Structure formats: C-alpha cells, structure tokens
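Good morning, and thank you for making the time.

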Amino acid sequence: MDGLTIHDYRDDLAQVFHDINAQWISAMYRIEQTDRDVLENPRARIIDRGGDILFVEAAGLGIVGACALQKTGEHQFELTKMGVLESARGRKAGEFLLHAVIARARALGAERLYLLSNSKSAAAIHLYEKLGFVHDTGIMDEFGARYERCNVAMLYPLD
C-alpha cells in the first residue's frame with residue numbers, strides 16, 4: 001500500500017473529518033442528528049472522551065479518509081465514521097486505514113470493538129468481513145437503535 005500514510009487527529013483536521021464523512025453519508029443516506037453531533041464536535045464527542053480519530057493520506061491527493069474510535073464503555077469502542085473520498089477509491093486506503101484503526105483500538109486497551117452499518121454499504125461490509133469483523137445480533141440489539149439506518153452490526157474478535 002505504497003504512498004499511504006496514517007495521521008493522528010489534530011484540531012486543524014476537524015473540518016476534513018466532517019467533510020469526508022458528510023460526503024458518503026449524504027450520498028447514500030440522510031445525515032442524522034447523531035451524525036451531526038460527532039461530525040461537528042469531534043474533539044468533544046470522540047477525543048476528549050477517550051476515543052481517537054485517524055486519517056489516511058494518499059501521496060499526491062492529501063487526506064483522503066478518516067475513521068473514529070468512539071469510546072462507549074470501559075474497554076469498549078465503536079468503530080464509526082469511516083469514510084474514504086471517492087477520488088481515492090481503489091487505492092486500498094480504506095483497508096490501510098482499517099488496519100491502523102484496529103491496531104489503535106488494541107493500543108487503547110479495547111476489549112470490545114464493534115461497528116454499526118447498513119446493508120447498502122456493501123463494499124464497506126465486505127472490507128470489514130475481510131479484516132475479521134463478524135456479524136453479531138447482540139451488538140445490533142444493544143446499539144443498533146442509535147441510527148435509523150442501522151441494519152448491520154459487527155464485532156471484531158480482539159482475543
């Protein structure tokens with residue numbers, strides 16, 4: 001995955017985080033209030049609460065993707081707001097970023113890592129499955145109501 005670099009969250013990247021995610025969410029779905037809360041306040045909603053946000057840069061294109069780890073309990077994180085700009089698709093930026101986010105979750109002491117999605121996001125779900133996430137009805141029951149669009153819940157086997 002030549003030409004790809006991971007960057008940690010900085011406040012000057014907050015608008016980039018917003019724009020990358022607003023692009024894919026609004027293209028496929030409707031931006032919900034829970035999306036707005038995170039996208040408009042990433043420091044307060046993610047960073048200051050013990051989570052993290054990583055970015056992927058592609059050589060010649062700049063920052064092309066972002067993904068957050070939102071702390072939802074002790075040693076528990078939701079992988080959320082993962083997006084890659086259309087202009088960078090096909091460069092494996094999403095896979096590179098997802099590997100980095102899983103490693104960061106481990107470094108943060110995650111014992112439970114899950115995500116919520118929608119079956120319309122087939123390419124993303126395929127990537128999650130490829131890297132080891134498994135569909136989990138318990139996660140759906142526990143967290144799925146956070147989003148109107150959620151009909152897929154997955155858990156990553158950290159052990």
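Leaving aside its neighbours within four places in sequence, D52 is in contact with Y9, I46, I47, C67, A68, L69, R104 and L108, where contact means heavy atoms within 4.5 Å. With one of these residues, R104, the side chain of D52 makes a polar contact of 2.6 Å. By polar contact I mean a pair of N or O atoms within 3.5 Å; within protein, one must be able to donate a hydrogen and the other to accept it, and residues adjacent in sequence count only if both atoms are side-chain atoms. D52 lies in strand β2, residues 52–58. Helices (H or I, at least four residues) and strands (E, at least two) are DSSP runs, numbered from the N terminus. D52 counts as buried because its relative accessible area is 13%; buried is under 20%, exposed over 50%, and partly exposed in between, with a 1.4 Å probe and protein chains only.

Before I continue, please note that this is a predicted model, in which local features need pLDDT of at least 70 and side-chain atom pairs count only at pLDDT 80 or more, while totals for chains, interfaces and linings use all residues. Residues are numbered from 1 along each chain as its sequence is written, and side-chain values use heavy atoms, with hydrogens and water left out.

Which side chain does D35 meet in a polar contact of 2.8 Å? The partner is R149. Beyond four places in sequence, the contacts of D35 are I25, R30, K81, Y147 and R149.

K81 is not a glycine, yet its phi is positive, at about 55 degrees. This residue is in strand β4, and it counts as buried because its relative accessibility is 5%. H75 also has a positive phi in a residue other than glycine, near 60 degrees. H75 sits in the loop between β3 (62–73) and β4 (76–84). Is H75 buried or partly exposed? With a relative accessible area of 32%, it is partly exposed.

Next, Y156, which belongs to strand β7, residues 152–156. Its relative accessibility is 13%, and therefore Y156 counts as buried. Setting aside neighbours within four places in sequence, Y156 touches I102, R106, L113, L131, G132 and F133. The C-alpha atoms of Y156 and A14 are separated by 27 Å, the two residues being 142 residues apart along the chain.

Finally, the chain as a whole. It holds six helices and seven strands, in the order β-α-α-α-β-β-β-α-β-α-β-α-β. For 159 residues, a compact globule would have a radius of gyration near 15 Å, and the 14 Å of the chain agrees with that; the radius is taken over C-alpha atoms, and the globule rule is 2.2 Å times the number of residues to the power 0.38. Along its principal axes, the C-alpha trace spans about 40 × 35 × 30 Å. Of the 159 residues, 48% are buried. Among contacts between residues at least 6 apart in sequence, 66% join residues at least 24 apart.

Thank you; I welcome your questions.
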